[in-house]
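Colleague: Could you take me through how some helices pack and how some charged side chains pair in this model?

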Amino acid sequence: MSVKFKKLPLPGIRNIKCLLCERGRLISYRDYFRRLLYVDQIPITNLVSNRNRERAHTDRTLGHHLIAHTHQKTKTSAMETFASDSPLTGPFVGAIDEGTTSARFILFRAGTDDIVCYHQIEVPSIFAKEGWCEQDPMVIAETVNECIAGACKKLLALGGKIEDILTIGITNQRESTVVWDRETGKPLVNAIIWLDNRTTSTVEELLETIPNNARNINYLRPLCGLPLSPYFSGVKLRWLRDNVPEVTRAMKNGTAMFGTIDTWLMYNLTGGRDGGVHKTDVTNASRTMLMNIETLQWDPSLLKFFGLPKGILPEICSSAEFFGKIAQGVLSGVSITSVLGDQQAALVGQQCLAKGQAKATYGTGCFLLYNTGTSIVHSQHGLLTTVGYQLGRKAAPYYALEGSVSIAGAAFNWLRDNIGIIQNAGEIETLANAVPDSLDVYFVPAFNGLYAPYWNQDARGVICGLSEKTTSEHIIRATLEAVCFQVRDILDSMHRDCKIPLAKLMVDGGMTVNNLFLQLQSDLVGIQVLRAKIAETTALVRIKS
């Protein structure tokens, strides 16, 4: 059943401006409210709905029959078990969900959205320098193995059988970059995580190589659909080549292997140096800046531009096919039949399978994907062209426009860990509701630059509008609004590129448990916001029959 929320009062929509700090100086940033689509023609919508459809789940894994599932993310590494009233019988399917802050393995009854059990463990990040974000690849692999073992142990305790697990799929944080040695199977350096900003200097160096001194960040868009940005794997890989001697030597010797997190996990699960597969799928490959967006193959011109050897790259596969079998452990012999980058997995899991449908996932960052069907739409307004999914080797690829916000839920981690004005995420809605508005306080959480649609790597965060009456509650509410404003900008760009205004926006992710937040988002975008019946939707499973 849909849930209506009382419309919230909106302050002075004609005059509110937000500011950002760029290279240490405040500049006029955006009159967000004035840019609301149809603000003068129609009233702002204030309906937030809970979808109670059977396939309300979001994300990530594949084979032959599409199955969507739902679950709630834990706040700790503790395990929770979900069991329905029906007898615990197979078959089951499993999903590895390796995210930025945690990994988990979830087991479902095949063909249903019943979660049998799961195990989740946090994955620590390493912040060696300002703007850097790393993770230990071995810790990632070991954590995933622990999650698999933990969930399977729980399955046995519930009376299920391991042999009834038919297949598993993988969904993963995208763009994060791992390089390891072909002979030892060990990483040569820590993984550079997607939000790491160390490669700003590399982008500048690459811009200098563009013909005619154009310094155009969109120079490679016609080939890969992406602007030059520290965000993408190809730039991170070039930085590693230039700055880490172990990686430089391994590339010269032909022993280096590169992969995003999906590739690294598959390599280890299927045997590592003893026969492990070196593969990725089209959705993850489309985030490297090295894959041709039309041919779906590694592009020689792109490799030449970045100065990278083709021999380090994995084989590109569709999102739904046989990738390999797990070599050891409790799931030895079980097939991996699906791989999707997390945001594309959310697009499929939210069933945005028709042209013109869109979803937003609110996690560490926020990511909006708009299905453009089998047509490639090259954005003229700061969005990314990416592969949405390809459900089978011979199936047609579906494409999407994507808008990426680097800081969403991470802003509240900053309020908690750096400023100390909240203790935990559970109190955000209560505190923000304690005040009727943000009292003209505005927050731009551009901690590591601005992503879509601006692609300004020099931008930095700012809180403005503070007065003697400002309280912590106003700042918390302004932080919620900051995410909403950035989403509004991306939806504006999507409308200008596609010329078809959205009627509704599917949403998922940890932040969507906050009713006030979704109400603010719906008011600011002027359309229905539809939430999955359980907030964090993270395991789409397709079974290979």
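This is a predicted model: local features need pLDDT of at least 70, side-chain atom pairs count only at pLDDT 80 or more; totals for chains, interfaces and linings use all residues.

Colleague: At what angle do helix 1 and helix 6 pack?

Modeller: Two packed helices are described by the angle between their axes and the distance between the axes. Helix 1 covers residues 137–157 and helix 6 covers residues 261–269, and their axes lie 10 Å apart. The crossing of helix 1 and helix 6 is right-handed, and the packing angle is about 65 degrees.

Colleague: How many residues of the contact of helix 1 with helix 6 are nonpolar?

Modeller: Helix 1 contributes residues including Ile140, Val144 and Ile148, while helix 6 contributes, among them, Trp264 and Leu265. Of the residues in this contact none is charged and 2 are polar, which leaves the nonpolar group at 10.

Colleague: How many residues apart in sequence are the parts that Arg287 and Glu175 tie together?

Modeller: The side chains of Arg287 and Glu175 form a salt bridge, at 2.7 Å from N to O, and both residues are buried. Arg287 sits in the loop between helix 7 and helix 8, whereas Glu175 sits in the loop between strand 11 and strand 12, so the parts tied together are separated in sequence by 112 residues.

Terms used:
Residues are numbered from 1 along each chain as its sequence is written. Side-chain values use heavy atoms; hydrogens and water are left out. Axes are lines fitted to C-alpha atoms, for helices over the stretch in contact, and angles run from 0 to 180 degrees between N-to-C directions. Helices (H or I, at least four residues) and strands (E, at least two) are DSSP runs, numbered from the N terminus. A crossing is left-handed if the near helix is turned anticlockwise from the far one by less than a right angle, and right-handed if clockwise. Contact means heavy atoms within 4.5 Å. Ala, Val, Leu, Ile, Met, Phe, Trp, Tyr, Cys and Pro count as nonpolar, Asp, Glu, Lys and Arg as charged, and the others, Gly among them, as polar. A salt bridge is a side-chain nitrogen of Lys or Arg within 4 Å of a carboxyl oxygen of Asp or Glu. Buried means under 20% relative accessible area, exposed over 50%, partly exposed in between (1.4 Å probe, protein chains only).
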